[in-house]
Amino acid sequence: MMSDELKTIKELADELGVSKDKIKYRVRKLPSELTTKVGGVTYLKNEAVERICKDMGVKTPTYSRVEKTVLLQSLKIKYKAYNPSCS
């Protein structure tokens, strides 16, 4: 992810347990200033995530700093296991 304030459509879909198409549908309804596109990837600002979650009737996903650290460490370990030449 680019920063703590931006989320991709896939990241949000995975967190909510829905399809990317379901999120894309809602993104099209948002004002363009709530999203940004970099290298063909659409990033959602916090307000976009909040609006989409509200529209879908779900609570906005949040992670504590500790949870983020644990997730990152876990991903690094898995990445190294699958890509031993990158260690």
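This is a predicted model: local features need pLDDT of at least 70, side-chain atom pairs count only at pLDDT 80 or more; totals for chains, interfaces and linings use all residues.
At 17% relative accessibility, Arg-26 counts as buried, the term buried being used for residues under 20% relative accessible area, exposed for those over 50%, and partly exposed for those in between, with a 1.4 Å probe and protein chains only. Residues are numbered from 1 along each chain as its sequence is written, and side-chain values use heavy atoms, with hydrogens and water left out.

The protein chain has four helices and three strands, where helices (H or I, at least four residues) and strands (E, at least two) are DSSP runs numbered from the N terminus. Read from the N terminus on, these elements follow the order β-α-α-β-β-α-α. Of the 87 residues of the protein chain, 23% count as buried. The chain exposes about 6,600 Å², of which carbon and sulfur atoms supply 53%; accessible areas come from the Shrake-Rupley method with a 1.4 Å probe, and for residues only the protein chains shown count as cover. Among contacts (heavy atoms within 4.5 Å) between residues at least 6 apart in sequence, 51% join residues at least 24 apart.

Strand S1 contains Thr-8, which at 13% relative accessibility counts as buried.

Helix H1 (residues 9–16) has Ile-9, Leu-12 and Ala-13 as its buried residues. Seen down the axis of H1, these buried residues fall within an arc of 100 degrees, taken from the directions from the helix axis to the C-beta atoms, so they line one face of the helix. After H1 comes Gly-17, whose phi is positive, near 70 degrees.

In helix H2 (residues 20–27), the buried residues are Ile-23, Arg-26 and Val-27. They cover an arc of only 105 degrees around the axis, which puts them on the same side of H2. Their packing partners are H1, strand S2 (35–38), S3 and H3. Asp-21 also lies in H2, but at 54% relative accessibility Asp-21 counts as exposed. Asp-21 and Ile-9 are 12 residues apart in sequence and 8.9 Å apart in space, C-alpha to C-alpha.

Of its 13 residues, Leu-12, Ile-23, Val-27, Leu-44 and Ile-52 touch the most other members. The elements that give two or more residues to this core are H1, H2 and H3, and H3 gives the most, with five residues. Leaving aside neighbours within four places in sequence, Ile-23 is in contact with Ile-9, Leu-12, Ala-13, Leu-16, Val-18, Leu-44, Ile-52 and Met-56.

A search of the whole structure finds four salt bridges, each defined as a side-chain nitrogen of Lys or Arg within 4 Å of a carboxyl oxygen of Asp or Glu. One of them joins Asp-55 to Arg-26, with the closest N and O atoms 2.9 Å apart. Asp-55 lies in helix H3 (residues 46–56) and Arg-26 in helix H2, so the pair ties together parts that are 29 residues apart in sequence. Whereas Arg-26 is buried, Asp-55 is partly exposed, with a relative accessible area of 44%.

Another salt bridge pairs Asp-14 with Lys-10, the closest N and O atoms being 2.8 Å apart. Because Asp-14 and Lys-10 are four residues apart in helix H1, they are separated by about one helical turn; Lys-10 is partly exposed at 47% relative accessibility. A salt bridge also forms between Lys-7 and Glu-15, whose closest N and O atoms are 2.9 Å apart. In that pair Lys-7 counts as buried, at 12% relative accessibility, whereas Glu-15 is partly exposed, with a relative accessible area of 28%.

Technical notes: A nonpolar core is a set of buried Ala, Val, Leu, Ile, Met, Phe, Trp, Tyr and Cys residues joined through side-chain atoms within 4.5 Å.
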